[in-house]
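This report goes through two chains and the places where they meet. The sequence and the structure are shown first.

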Amino acid sequence: MSDDDIRIGVFICHCGTNIGGVLDISELTEYAKTLPNVEYSAANLYTCSEVGLNEIRENIKEQNLNRVIVASCSPRTHEPLFRSTCQEAGLNPYLFEMVNIRDQDSWVHMKEPEKGTEKAKDLIRMGVYKAALLESLEKMQVSVIPSAIVIGGGIAGMNAALTLANQNFEVSLIEKDSELGGLIRRLNKVYPTNEDASNLLEIRNLVENHKKINIHKSAIIEKIEGFVGNYKVIILQNKKTIEIEAGAIIVATGAIALSPEGYYDYNGKTIISQLELEEILKESEFSANNITMIQCVGCRNEERKYCSNICCMTALKNAILIKEQNPAANITIIFRDIQTQGVTYEEYYRKAREIGILFIKYLPEKPPIIKKDHIEVYNEFMNQVIGVPYDLVVLSMPLIANEDSEQLAKMLKVPLEENNFFLEAHVKLRPVDFATDGVFVCGSAHWPADISESISQSNAAVSRASTIISKDMLEVEGSTAEVDTDLCVGCEACIKICPYSAISKDEETDIVVVNKVVCKGCGVCGASCPQNAITIHHFTSDQLIAEIVTYGGGE
Amino acid sequence: MGENLKRVMVIGGGIAGIQASLDLAERNIKVDLIEKNACIGGRMAQLDKTFPTNDCSICILAPKLAECFRHPNITLHILSEVKNLSGQPGNFKVKILKKARYIKEDECINCGLCIEKCPMRVDDEFDMRLRKRRAIYIDYVQGVPSIMTIDRENCLFFTKNACRICEKVCEKEAIDFDQIDEEIELNVGSIIVATGYDIFNPKSIETLGYGRYPNVITALEFERLICASGPLGGHLTRPSDKNDPKKLAFINCVGSRDIKNNPYCSSCCCMYTTKEAMIAFEHDNEIETSIFYIDLRAAGKGFREYIQRGVNNYAIKYIKGKVAKILEDDQRNPLIIYEDISTSQVKQLKFDLVILATTMVPKKDANELAKTLGVKLDNFNFFKGESFHPQKSSKEGIFLCGACREPMDIPNSVIDASGAAAKAAEILMRG
Amino acid sequence: MQTVDFEFRNELIKEDFSLNYCYQCGTCSSACPVAFITNGEYNPRKIIEQSLLGLKDLLIKDQKPNVWLCCTCQMCVEECPQNVFLTEIFEKIKNRIVVLGEPYPETYKVQAKSVLENGLAIPLTQPIIRRRDQLGLPKIESANIEEITKLLNATNFEKKINLMGENK
Amino acid sequence: MSYNYFLGCVIPGRLPFIEASARKAFEEIGIKVGDQAKCSCCPDPTGTAQLDHESFLALGARNLCLFEENNSNILSLCSGCTETLKTVKHILDNDNDKKKEINSKLSAIGKNYKGNAEIKHFAEVLYENIDKIKEKVKKPLKDLKVAGHPGCHYLRPSEIINWDDPLNPKTLDELIEAIGADPVDYSLKNDCCGNPVEKSDKDISLSMLENKLQSMREAGADCIVCVCPACYQQFDFNQREVNKKKNTEYNFPVFYITELIDLALGMDTEGLGLNFHRIKVNEILEKIT
């Protein structure tokens, strides 16, 4: 295609005042018109609104545009929308280029709008030079295995497996323990209904007897391969290696309770953990009369900054159960903030007060001190130290990430957050998705969750997984890496660095091959190749150099 | 029994309804999305930013709106309400009342000429009545579908048989005063309720002065005031004198955790007041904020760290102590009388602007819809879900998600929505 | 250091069950005009917290904060989001202070004495009777004092209120 | 059933001119109210009640019995008495054990509480007859800016008083309007006058009063109107004390609402006993005539 045939349209977004309130949009619009190959340039109040999108579609046709640039916000959120808009107007979606003049410009240069406008000119110019070199790319089609793998046989995993199976999908449920049930097996009763935890385990029979569910107990995951629609999980079960294939994976590995050892003179007798209290209440006689619970032990501190979400309700539950059994019991909960969001839980907190549970607020800088027969605590409500007699102290320990979550995350190529809980694709709008397609998360593996939350999330993960495994074929990213077989020397640098395991070596030719379905086009292989043998489509060296050169003032 | 219909009706086009619809549509199940207003988007479209990432709300919502609008498996029923339900799970018959828009949907190109010429000024509900819109209007700039609507209650043609100026200026001849309300019948296998929530009106708590003191506003009003596309164009000023406020106070639990109003916790206020204080600070680094609270509820992922960031980087002071009384000085500055429980001192503090974190309350028509659908509400008029399967309503084949069943934030609404979609799909796979 | 006295706490709860519902939000102190004037030295929330903790010495002996400063305006009760009947709880605490023989303000005794002696908090004096005549007001037939004495003996009033005790 | 007056202690024993104005007002409006003999102290909800709840119930119940025996309802001229009598009735009517217990005490004097007599605050009855008052107004109190002080026991606890809005009262201001005067809106309208605290700390009591007065002045009030003798005393007697202690110059004339009604209904100032007010009312009288 010669230069004369390239017709670029530049659409500049005000994003309300997000951009328009800082940068001089009309100046930018006029400037864009002066750039080579730009046939059309216009500003929109919101390019992403239907009005803006229509304008793109119409001008592709009317102006016969064959490259489109939108200078606006982040491709992370908006590139798919603009690409499909181009496609609707008959343009290959990869002939679209996005320039971020908001997150990287108007937002950071709010106080220096003139410099911001100059920077936007640079960014737009770079986009225009790159756009001239863009190529049409085709998205790949891959077939999908219509089944799912659920990792973890706790309440979240069991519910996920059952819900999938009820929708006629084949499910493999992988549990490392010798039986299903997870943490619930250790619980006495469950809030907010205060029914026996065993009621919640009834689902176990349904799962174990469902003909669509394949259960692998005492199974260790050895390896995970493949990609969206075509995953392969290799497990070790009874010393046998088993390969399971599925179109999607749901991670439901749960969390564990932090050990109370070393906190507050824990002794396992007069000072125990909340989980141990559960077990006592479940299995043996309970005799203590003055019971004091301490919340947020080992969390909401420097070491572990987070709130573990479920401990307040758990403490309230056990306090209520003990008090109902023995109205003469004196129960004190020493807390920091009572976390009982919503309708039912706040009602539950009120009920705990109604039956006479005593609440004392403490400050992290003045934590309670356990003495021989009483606890000394600085009571924030009284602004002074108060003694609380006890014969049993119960420590509320947080849920923490599973030890093996790091390993699993590596195998799945998904990230963890700082506390080693799994990190979702987007906190707000993709809460059970991973950035890696076809892998989903639910329950306490994601964040400490109670039963009702775990079930809700597991239903959600099922819904998200179903959007994949209900399809026969999937489209995957077209912007991928390509190896120049003449230049590759088979050094394997790229194989080692690829975060998606998308590259392998052809044993016959001794040079590397990219699996285009797995490749995300991230580009690390290209950057690491000593031979410059790898081209990343849509981010070719020519395209990037053109951007750099024009930024530096060259032609 | 015949095969169940592979079709779901979703009631409510907020983020929950949108997510449920998209999930179902993506797996090739047909969706009828019923929206009462002229545009989908719901409450999330009204928000400026969202916690804890401080993403611009409409920016992350807009792609979903567009996706919903363009998806071949989703049929949008705008200005529509459910009037009747019969049949059984797997095969429900629903009667929908679709109100006339008085606009030819295929003709309107949202050029805005009609808005310019329309002489009627009406309180803009989307902007919390903080500015006026016209009688022909679009809910908000990015609204989907992005076409006009004529508001029958206020249009001069309908009220006084006059005007019709929009008809004259519309180059596309898209105005159609002859349109009439229609009744549509749908046939669906299962139903998802995602009707969202209303906001508690703090006027009834007289001692806080809302409605009497101009510089006492609600949190959702604040979202509009500080939003770039809101009535102030994003430059926050206070209502009484248009000065830049420097000292802000947020009062949490207004109308919630309160036996006299709503006993429940509204779930999101601790977080959104923090967010609003952060945004205010980002707009003007001289702003200092006090947030008055009972318990700081921040149990979600990254929420505690968010609060800490507020303290460290955004000049936010959290004061444990609920405010019962606000007075006003002769400069119209709100005076807050409060107890700082950490010292037990009772003080009076002057602020430039006070923001009330008003609780989420059930939709006022929840009762009517529950009756139509034959599902139960809880004591407060939220749709009642099962304890451990909260997306399941009291009636088979009807599912719940989002704040229509309990106050919740956006991620939980999205989880709920996907969860409800899974359950709604499960029904269709049977039979 | 003060220690939680569960027994005393339970006694107070038994007297007024609404005490249980308090979650220490501070609305009462924000609504209280006396707390405002005293910068929180008189502090209804704190008295409730002391009651919840059963801190008998602080409540009954030290009387810190001074529960006798409650102006009985009931603003706290009207504003309380948990329907705690603070004014009634304070009344019960004051009753307890009195019956336990701890000091309380003299003025209350003066009024109580007058009720015991006249059946009235303010007895009719001669100048007032003259003034009533002037204004054309009818004569007042007051309560029979023997009857009042009998009734107050039945409730053991005089003994309970410890008129001879030390004043606060 | 008709009403008999419950006069209480303060009005007949210290402020008889209030009683006079009330009797005149009710007569003029055409509401017949009889007299009730042998009443004792209500007793004081801020006094005896705080010392011994049982004696409070017993004395209160005895007073209620007197009206029951006469087949008459109660019209109280004092907010404190109203609260006491309503509270006693509320407790005894809702708690059978308490009722039995108190009746066993009452048996010592041959009485038995049944719960037949209803209690009304006099302003409640005036408000019920507000249209009659409006009709009878001869000299509307034009341009008189009145700071209405509803006071606490007139409104609260709302569960027992069960009358006007406890946090945003309207009835007193409407009565003020009914006689042609102008009720001013002041920020501390709903606050306590401070009277009950005088028993334990005079300084605090005066500070509370000062805050009220300041708020009234800021709102531009000419005078204060009360519906309770305790509040009346606090305003009329203690304004000077505030001035002495705090170096201020408050001089608001203080009226009982019945006095202003009498004036608006065209009664002669003679015979109302306005001369017994500590803060002189002459300027106001000039203003309204």
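Two strands pair if DSSP finds at least two bridges between them. Helices (H or I, at least four residues) and strands (E, at least two) are DSSP runs, numbered from the N terminus. The model is predicted, so local features need pLDDT of at least 70 and side-chain atom pairs count only at pLDDT 80 or more, while totals for chains, interfaces and linings use all residues. Residues are numbered from 1 along each chain as its sequence is written, and chains are lettered from A and ligands numbered from 1 in the order in which they are written.

**A sheet in chain B**

Strand β20 (residues 334-340) of chain B pairs with β21(B) in the antiparallel sense, over 6 bridges. Within β21(B), B:Gln345 stands opposite B:Asp340. These strands belong to an open sheet of 3 strands with antiparallel pairing, in the order β19-β20-β21 (chain B). β19 (325-328) and β21 (345-350) of chain B are the edge strands; each has a single partner strand, so one side of each is left without a neighbour in the sheet. From one strand to the next, the twist averages 25° (axes are lines fitted to C-alpha atoms, for helices over the stretch in contact, and angles run from 0 to 180 degrees between N-to-C directions).

**Domains of chain B**

The bounds below come from an automatic or database domain assignment.

| Domain of chain B | Residues |
|---|---|
| domain 1 | 7-99 + 181-196 + 363-429 |
| domain 2 | 113-169 |
| domain 3 | 200-359 |

The C-alpha centres of domain 2 of chain B and domain 3 of chain B are 33 Å apart. Between them, 5 residues of domain 2 of chain B are in contact with 7 residues of domain 3 of chain B, where contact means that C-beta atoms, placed from the backbone, lie within 7 Å. The side of domain 2 of chain B that touches domain 3 of chain B has 3 nonpolar, no polar and 2 charged residues. Here Ala, Val, Leu, Ile, Met, Phe, Trp, Tyr, Cys and Pro count as nonpolar, Asp, Glu, Lys and Arg as charged, and the others, Gly among them, as polar.

**Where the chains meet**

On chain B, 65 residues are in contact with 60 residues of chain A. Elements that each supply at least two residues of this side of chain B include α1 (15-26), α2 (57-70) and α8 (303-313). The largest share, 13 residues, comes from α10(B). By class, the side of chain B that touches chain A has 32 nonpolar, 18 polar and 15 charged residues.

**Core and chain A**

A residue is buried if 20 or more other C-beta atoms lie within 10 Å of its own, exposed if 12 or fewer, and partly exposed in between, with C-beta atoms placed from the backbone. A nonpolar core is a set of buried Ala, Val, Leu, Ile, Met, Phe, Trp, Tyr and Cys residues joined through C-beta atoms within 7 Å. The largest nonpolar core has 471 residues, of which A:Ala148, A:Ile250 and B:Ile192 touch the most other members. α10(B) gives the most to this core, with 11 residues. Beyond its neighbours within four places in sequence, B:Ile192 is in contact with residues including B:Val8, B:Phe399 and B:Ala424.

Chain A comes to 17 helices and 30 strands, and buried residues make up 51% of its 555 residues. A:Val70 lies in strand β3 (residues 67-72) of chain A. This residue, A:Val70, is buried, with 30 other C-beta atoms within 10 Å.

Methods. Two residues are in contact if their C-beta atoms, placed from the backbone, lie within 7 Å.
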